[in-house]
Amino acid sequence: MNISEIVEKIDVERLKIVSIVGAGISKASGMPTFRGEDGMWDNYSAMELATPQAFAKDPQLVWNWYKARMRILLEAKPNNAHFALTELEEEGLSLGIITQNVDGLHEIAGSKNIIEIHGRIRYARCTSCNHIQRWDNHKIANERDSLLYCPKCKNSLLRPDVVWFGEPLDPLKSEKALDWLSQCNLVLVIGTSGVVYPVASFPSFAKKSGAKIIEFNIESTPLTPICDFSIFGKCEETLPVFVKELIRKVEKRKSEKNE
Ligand code: BV8
C-alpha cells in the first residue's frame, strides 16, 4: 500500500497524533544510530558505554564518547523528518513527540511538545548535587581526555544528563508519555529499532487504548507485527510526504464540513 492509500484509510476527525521517535530520524542529520555498524565507537558498542558501570569504571572513556558525539552534533541540523513533525504540531494535529534521542534536534526544528524520555546530551548534571549546566560548545567537545567537575560542589564529577541502561526513566516524563498515549488515536513510530524498554512497549500500550499505529523505518522491526501500516523507506523522505497528504485530507474534510 502506498502513502496516499494509507492516508485514505485514516479517520481524520479530531486527529490526536503521538510520535515515538528513535535514532533513525537523526541519521540524515549526520548523527550515528545506536545499533548496526553505526553503534560502534573505538571498538566499543554504545550499549557498553551508555551505562553507570562504564562511567564508574572509566569516566574519561565515557566522556570521550559523548564528546565525539557532540563534535558531530554541533555541526548537525534538523532534517525534513524533524520539520514534518513540527508541521503536524503547528496544524494542531499532534499531542507531542516522545523521543528516545538526546540530540535536541526536535526543539531546534521548532517543535514544542517534546518528551526527551532518555534525557538530553547537551546538558551535564552533577553526580552529587542538583547542579545542571549546558556543555554543548566546541571548547569542551574538543577537550579530549579531560573530565568536567561541578562548579557548585567543586570536586564532584559531572555526567551527561541522559538515562543510561539500567537507570529508571524520569517518572514524571513516563506519566506524561502514558497520558498522551492513552488519549491519542494515531501513533507514528519513526526510526526506532523497537528493542529498548520501556519505550518499546509504548506502541502496544497506545494500541490497547484504540490508537492506530504507523511505522516509518527502512526495515521491519519487532514492532512491525503490531503496526496497522508500515511505510518502508528513509523517514526524511517518507514522513514529509505522509504529513503533507494527511494535512491535505484534513483540510479537505474541513472545507466539506463548512459547505
Ligand atoms: C530501565 C540515552 C528499569 C543515552 C539510551 C531485557 C528485557 C527487557 C528490558 C531489558 C532487558 N535487559 C535490560 C533491560 C532494560 C533496558 C533495555 O531495554 N535493554 C534492551 C537493549 C534489552 N532498558 C533500560 O535499561 C531502561 N531503563 O529499564 O530501567 C529500572 C527501573 C527501576 C530502577 C532501575 C531500573 C533505560 C533505557 C535507556 C537507555 N538510554 N539512550 C545516550 O543516548 O547516550 S537508549 C538508546 O537506544 C538511545 O536513546 C536510542 O534512541 C535508543 C533506542 O535505539 P533507537 O533509537 O531505536 O536506535 P537504533 O540505532 O537501535 O535503531 C535505529 C532505527 O532507525 C533502526 O530500526 C533503523 O532501521 C532505523 N533507521 C535508520 N535510518 C533510518 C531509519 N529509519 C527511518 N529512516 C532512516 N533514514
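Which element gives the largest share of the lining of the second largest pocket?

Reply: The largest share comes from α10, with six residues. Before going on, a word on the basis: this is a predicted model, where local features need pLDDT of at least 70, side-chain atom pairs count only at pLDDT 80 or more, and totals for chains, interfaces and linings use all residues. Residues are numbered from 1 along each chain as its sequence is written, and side-chain values use heavy atoms, with hydrogens and water left out.

Now to the pocket itself (on a 1 Å grid over the protein atoms alone, an open set of points where a 1.4 Å probe fits, with protein on both sides within 12 Å along at least five of seven lines; lining residues have an atom within 4 Å of a point). Its space comes to about 150 Å³, the volume being what is filled by probe spheres set on the points, which are joined across faces, edges and corners. The lining consists of S4, V7, E8, E245, R248, K249, K252, R253 and E256. Two elements, α1 (3–8) and α10 (235–258), each give two or more residues to it; helices here are DSSP runs of H or I with at least four residues, strands are E runs of at least two, and both are numbered from the N terminus.

R14 has a positive phi of about 50° although it is not a glycine. Most residues other than glycine have a negative phi.

For the wider setting, the domain assignment, which is automatic or from a database, gives domain 1 as 3–30 + 78–118 + 170–258 and domain 2 as 34–75 + 123–162. Their centres, taken over C-alpha atoms, are 29 Å apart. Ten residues of domain 1 are in contact with seven of domain 2, contact meaning heavy atoms within 4.5 Å. One salt bridge is counted between the two domains (a side-chain nitrogen of Lys or Arg within 4 Å of a carboxyl oxygen of Asp or Glu). The side chains of K27 and D38 also meet in a salt bridge, at 3.8 Å from N to O.
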